[in-house]
Amino acid sequence: MIFKEFGNKDKPVIIFIHSEFLSYWMWANQIEDLQKNYRIIATILDGHSDNASNSFESIQKSANQIIAYIDKFFNGHVFAICGVGIGAQITIQILAKRNDISTKAVIEAALVIPNNIITSYLSKTINIKHNSFKKKLYAINSAKKLYIKKSWINTYQKDLKRISKQTHLNILSSKYLFSIPTNYSSSSADILILCPKHENHNIKNSAKLLYTENKNSILYFASGCRQNIGLKKRDLYLQLLKELFETTHKNYMSPKQKAKQERLKPKEKNKIFNNKYLTKKEKQITKK
């Protein structure tokens with residue numbers, strides 16, 4: 001695994017783990033937004049981009065590689081770990097293996113409901129799927145769906161061509177067989193679970209399941225996108241990260257919760273100052 005470093009070395013450490021078939025460059029917005037106040041480590045998973053020569057093997061191996069890196073360079077603890085897609089599954093595996101490895105965590109679009117039907121057909125369909133990676137039109141259409149910037153499309157196309165068939169197969173097998181590890185619920189990190197509102201129902205149900213599995217979780221569905229919130233809604237993603245990073249779990253509220261509280265505030269004020277919102281008993285007291 002390759003670890004790319006950005007930002008201020010004297011600041012808290014954030015590790016970003018990219019989604020399947022992408023690379024560290026998918027975090028370009030977040031690196032630019034956060035590098036002044038954080039030390040950022042962006043991974044390149046095995047089998048991807050400049051690390052394509054080392055085939056991706058499993059979520060468990062990737063988690064162990066990142067844990068070993070954290071142990072070696074950061075004494076076994078970092079401020080935050082953030083992952084998308086298979087990167088989110090790796091994040092979950094890390095949190096389950098070491099419950100105190102990070103103070104904060106962001107898990108976006110992690111599939112934790114195994115799908116044996118899809119995996120049973122992978123060996124028969126992998127040739128067709130993998131051959132599509134070599135086609136320019138596939139890269140262009142896929143980039144649009146993933147909200148990849150035009151300036152990154154050529155890089156994305158080159159990276160797709162470098163992915164081996166074995167890596168492709170191992171990633172899909174790992175992704176669709178993954179389930180919540182036994183010790184995930186014991187993680188002490190404040191966890192923000194993100195899910196695009198228009199994702200498929202298995203990803204949505206996975207997000208809900210993750211939320212119920214750990215008491216330190218906040219669940220947020222982002223409207224207006226199907227995938228990759230950080231690429232589609234840069235400002236929203238930054239806002240969510242800042243609010244998670246700058247508050248303790250019990251004081252943290254998602255934007256939706258904040259909006260609901262703001263809607264309630266006028267009524268609470270009116271209940272005190274306007275008889276319209278008082279009960280009969282309260283009205284009698286005010287008359288006296």
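A cavity, as I use the word here, is a set of grid points where a 1.4 Å probe fits but cannot get out. The model I searched is predicted.

**Entry: cavities.** I searched the whole structure and found 2 cavities of 30 Å³ or more. I put the volume of the largest cavity at about 60 Å³. I listed its lining as Trp25, Met26, Ala28, Asn29, Ile148, Lys149, Trp152 and Leu231. By class I count 6 nonpolar, 1 polar and 1 charged residues in that lining.

I then turned to the second largest cavity, which holds about 30 Å³ of space. Its lining consists of Met26, Trp27, Gln30, Val84, Glu108, Asn228, Ile229, Gly230 and Leu231. Which helix gives the most to this lining? I find that helix 9 does, with 3 residues. The classes here are 5 nonpolar, 3 polar and 1 charged.

**Entry: largest pocket.** I looked up the largest pocket next and noted a volume of about 810 Å³. It is lined by 31 residues, and Glu20, Phe21, Lys175, Tyr176 and Gln227 are the closest to its centre. Helix 4 (116-132), helix 5, helix 6, helix 7 (165-177) and helix 8 (201-213) are the elements that each give two or more residues to the lining. Helix 5 gives the most, with 5 residues. I sorted the lining by class and got 15 nonpolar, 11 polar and 5 charged residues.

**Entry: helix 5.** I went on to helix 5 itself, residues 136-146, and found Ala139, Ser142, Ala143 and Leu146 buried. Seen down the helix axis, these buried residues fall within an arc of 105°, so they line one face of helix 5. The general rule is that an α-helix has 3.6 residues a turn, so residues three or four places apart point the same way. On the other side of helix 5 I noted Leu137, Lys144 and Lys145 as exposed.

What do the buried residues of helix 5 pack against? I find helix 6 (150-162) and helix 9 (229-232). After helix 5 comes Tyr147, and I noted that its phi is positive, near 65°.

**Entry: whole protein.** Last, I collected the overall values. The secondary structure comes to 12 helices and 7 strands. The protein has 288 residues, of which 50% count as buried. I have its accessible surface at about 14900 Å², with 49% belonging to carbon and sulfur atoms. Taking contacts between residues at least 6 apart in sequence, I find that 76% join residues at least 24 apart.

How values were computed
Residues numbered from 1 in each chain as written. Predicted model: local features only at pLDDT ≥ 70, side-chain atom pairs only at ≥ 80, totals over all residues. Heavy atoms only, no water. Buried < 20%, exposed > 50% of the residue type's maximum accessible area, 1.4 Å probe, protein only. Helix = DSSP H or I, 4+ residues; strand = E, 2+ residues; numbered from the N terminus. Arc of directions from axis to C-beta. Contact = heavy atoms within 4.5 Å. Areas by Shrake-Rupley, 256 points an atom, 1.4 Å probe, with all protein chains shown as cover. 1 Å grid on protein atoms, 1.4 Å probe; cavity = no way out; pocket = protein on both sides within 12 Å on 5 of 7 lines; lining within 4 Å. Points joined across faces, edges and corners; volume = space filled by probe spheres on them. Nonpolar A, V, L, I, M, F, W, Y, C, P; charged D, E, K, R; others polar.
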